[in-house]
Structure formats: structure tokens, C-alpha cells
Amino acid sequence: MNPPDNHLPVRTHPTAWVIYCDGSAVPNPGRMGLGAVLRGPDGAAPHHICEATTFTGCNNEAELRALLAALQWLAQQVPAAATTVQVFSDNSVLVAQLGARTMPPIARLAPLFDEARHALQGFAHAQLQWVPRHHNSAADTLARAALGLAPKVAVPHGQKIKKHKHKRR
């Protein structure tokens, strides 16, 4: 599956690998779908991760597992100790927990966050940045596709989707 990536933010470090990651849990908690788009510094065609887990979890866990899957794939492709990586996520919990640690840890997910910190520390430089959901639509599409779900419909800011009422027969 090749999701659209026309909403991806511009790379800010010219030699960095860029990761956009997203996870879905349906219901929440429920089955988890992981999605990630990885683009190398050469700008070549991106690598996509689109996989479902065999176990259940919450949305924050799915987001974290998507990041871990992307970091593990990247570490197998390049010498991590000499690689700069930029991570974009629309999950503020993930960015806050892996960033400056200004928020209290989620106890149940602490081991996974520790694993992600360790994976990020293996790279020469790693930067995490929160992005609005509409900038992460490609990774979201992959995470949803892993669960057999259609992509979310983009709605212009300030507009609402009209729901059609069906008459009972």
C-alpha cells in the first residue's frame, strides 16, 4: 500500500532519516495496527511499515510500537551510531514521554518507553517532534490499513461531517 504523503512536513536536517509513525487500536483498547513512513536523506522512495499485532493494547501502545518497528527496521539498514533520525508523531504522550520527561510516566507502558529510549540513543542524533494529525496522514493510513480499516476522511478545519439519518422500515 502506498499512502499519500503530500502532507508530510519538510525535513529540517538534510542528512537525517525521517520517520512518521502512527498507531491505531480498535476498539481502544483492542487490536493494534502499526504504520510508519521512513524516508532516507537521499529522498528515494520511502519505506512503509503496515502491520497488525497479534495481541491487544491501547492507542498509546500502538503509537509506541509503531515507532519501535520503524527504529528497528532503520537500525538494520544503516549504521545507527552514525545516523541522524527525526521522528514525527501526532501523539503528544509519545513525544512528551520520550522527550524532556516533563510528564509522569505511564506505568504499564514504562518498559516499552524504556525500549524506545534505548533504541533512540543508539542513533548519533535523534529528534522527536509532535505534528498535527493532518501532517501524519500517511502513517495513519498505514496503521488503519493494517487493521483492514479505510483511511480517515479529511475534513477542512472548521467544517463538520454531516451525518445522514436513515429511516427505519
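Guide: What follows starts at the pocket and then moves to the strands and the helix around it.

This is a predicted model, in which local features need pLDDT of at least 70 and side-chain atom pairs count only at pLDDT 80 or more, while totals for chains, interfaces and linings use all residues. Residues are numbered from 1 along each chain as its sequence is written, and side-chain values use heavy atoms, with hydrogens and water left out.

The second largest pocket holds about 210 Å³ of space. Of the 14 residues that line this pocket, Gly23, Ser24, Asn59, Glu63 and Lys152 are the closest to its centre. A pocket here is an open set of points on a 1 Å grid over the protein atoms alone, where a 1.4 Å probe fits, with protein on both sides within 12 Å along at least five of seven lines, and lining residues have an atom within 4 Å of a point; the volume is the space filled by probe spheres set on the points, which are joined across faces, edges and corners.

Strand S1 (16–26), helix H1 (59–77) and helix H4 (137–146) each supply at least two lining residues, and S1 gives the largest share, 5 residues. Helices (H or I, at least four residues) and strands (E, at least two) are DSSP runs, numbered from the N terminus. By class, the lining divides into 3 nonpolar, 4 polar and 7 charged residues, where Asp, Glu, Lys and Arg count as charged, Ala, Val, Leu, Ile, Met, Phe, Trp, Tyr, Cys and Pro as nonpolar, and the others, Gly among them, as polar.

Just after H4, Gly148 takes a positive phi of about 80°.

S1 and S2 run antiparallel and are joined by 9 bridges, two strands being paired if DSSP finds at least two bridges between them. Tyr20 stands opposite Val37 in S2, and a hairpin of 3 residues joins S1 to S2. In the loop between these strands lies Pro27, and the peptide bond from Val26 to Pro27 is cis, with omega near -15°. Pro29 is also placed in the loop between S1 and S2, and the bond from Asn28 to Pro29 is cis, with omega near 0°.
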